[in-house]
Amino acid sequence: MNDRAKGRRLQELYDYDRSTVHEIVDRAMICHVGLIRDGYPVVIPTIHGRVGDTLYIHGSTAAGNLNDLRKGVDVCLTMTIVDGVVVARSLFNSSMNYRSAVIYGTSRVVEDPEERDAALRAITEHVLPGRWDDARPASGSEDRQTRIIAISIDQASAKVSDDMPEDEEEDMDLDFWAGVIPISIVAGTAQPDPQLRADIAVPGYIKGYRP
Ligand SMILES: Cc1cc2nc3c(=O)[nH]c(=O)nc-3n(C[C@H](O)[C@H](O)[C@H](O)COP(=O)(O)OP(=O)(O)OC[C@H]3O[C@@H](n4cnc5c(N)ncnc54)[C@H](O)[C@@H]3O)c2cc1C
């Protein structure tokens, strides 16, 4: 690891272990891809998938950001999971509980059919486990319209904040409420497409979907 991924404040919250980074990558629904375009920074939200130490993103061959990434550029990906609002007695000590990852790597376009297949499977299963084997596979023309970009993790840091507020000793007797409001993403009941054939039941992996 070089200095790029080294946290500066609150060292105890940082974790450079790849397994912690992988856990956050897998749990986060989306990532943000940061790159320099025409000399300016741009950060684009997108879906991702992971195979080992490689992250995959995909999209239309017409998408501007994927076209830039095709050229093999330095990228920074971030994933964030918000777990709670930390309500301290003082505004200064109020914060959030979260798990986040910041990943550095170089982009690479994926052309090998086997790797493309593995990448699309990883992205699909990341969003909705069980779907890869329960949908029509992409046609040749759909495949040709899809660009896949790989980013091997070069350096990475994870940061996990999971605590009650840390108020000053002299604030502990104040009259203000303190604690944590837990936050989580919850899936609602799946809404069938109005044009769905009546004989198709909701699959178990959709009924039981937990983001
Ligand atoms: C949750 C989520 C998941 C997504 N998943 C995918 C995916 O898997 N694959 C995929 O190709 N796209 C995905 N997108 C869309 C993606 O963010 C881009 O919009 C898309 O890649 C097309 O970009 P473009 O070529 O139009 O613009 P680009 O050339 O990439 O960007 C040009 C400009 O358009 C603006 N812009 C681009 N995207 C956004 C945006 N999302 N919101 C606001 N402004 C924007 C920015 O100002 C940017 O500088 C996702 C978006 C979200 C929010």
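## A guided look at the chain and its ligand shell

The protein chain has five helices and 10 strands. Keep in mind as you browse that this is a predicted model. Along its principal axes, the C-alpha trace spans about 65 × 50 × 30 Å. Of the 211 residues in the protein chain, 18% are buried. If you look at contacts between residues at least 6 apart in sequence, 75% of them join residues at least 24 apart.

**Around the ligand**

Let's start with the ligand. Which residues come nearest to it, out of the 13 around it? They are Ile47, Gly59, Ala63, Gly64 and Asn65. Strand 3 (40-46), strand 5 (54-60) and helix 2 (64-69) each supply at least two residues of the shell. Strand 3 gives the largest share, with four residues. Sorted by class, the shell holds seven nonpolar and six polar residues, and no charged ones.

How many of its seven residues are buried? The count is zero, and strand 3 is hardly covered. Its neighbour here is strand 2 (residues 31-37), which runs antiparallel to strand 3 and is joined to it by seven bridges. To find the pairing on screen, look for Gly34, which stands opposite Val43 in strand 3. Strand 2 and strand 3 form a hairpin with two residues between the strands, and there Asp38 takes a positive phi near 50°.

| Helix | Residues | Buried residues |
|---|---|---|
| Helix 1 | 18-27 | Val21, Ile24 and Val25 |
| Helix 3 | 113-127 | Ala119, Leu120, Ala122 and Ile123 |

Why do we say that the buried residues of helix 1 line one face of the helix? Seen down the axis of helix 1, they fall within an arc of 100°, so they line one face. What covers these residues includes strand 4 (49-51), strand 5, strand 6 (74-87), strand 7 (95-109) and strand 9 (155-161).

On the face of helix 3 turned away from its buried side, you will find the exposed residues Pro113 and Glu114. Helix 3 has 15 residues and reaches 21 Å from its first C-alpha to its last, close to the 21 Å expected at 1.5 Å a residue.

Finally, visit Tyr205, which lies in helix 5 (residues 204-207). Why does Tyr205 count as partly exposed? Tyr205 has 13 C-beta neighbours inside 10 Å, and a residue needs 20 or more to be buried but 12 or fewer to be exposed, so it falls in between. Setting aside residues up to four places away in sequence, Tyr205 touches Pro129 and Gly130. Leu128 is 77 residues away from Tyr205 in sequence, yet their C-alpha atoms are 7.9 Å apart in space.

Note on methods: Residues are numbered from 1 along each chain as its sequence is written. This is a predicted model: local features need pLDDT of at least 70, side-chain atom pairs count only at pLDDT 80 or more; totals for chains, interfaces and linings use all residues. A residue is near a molecule or strand if its C-beta atom, placed from the backbone, lies within 6 Å of it. Ala, Val, Leu, Ile, Met, Phe, Trp, Tyr, Cys and Pro count as nonpolar, Asp, Glu, Lys and Arg as charged, and the others, Gly among them, as polar. Two residues are in contact if their C-beta atoms, placed from the backbone, lie within 7 Å. Two strands pair if DSSP finds at least two bridges between them. The arc is that of the directions from the helix axis to the C-beta atoms. The expected span of a helix is 1.5 Å times one less than its number of residues.
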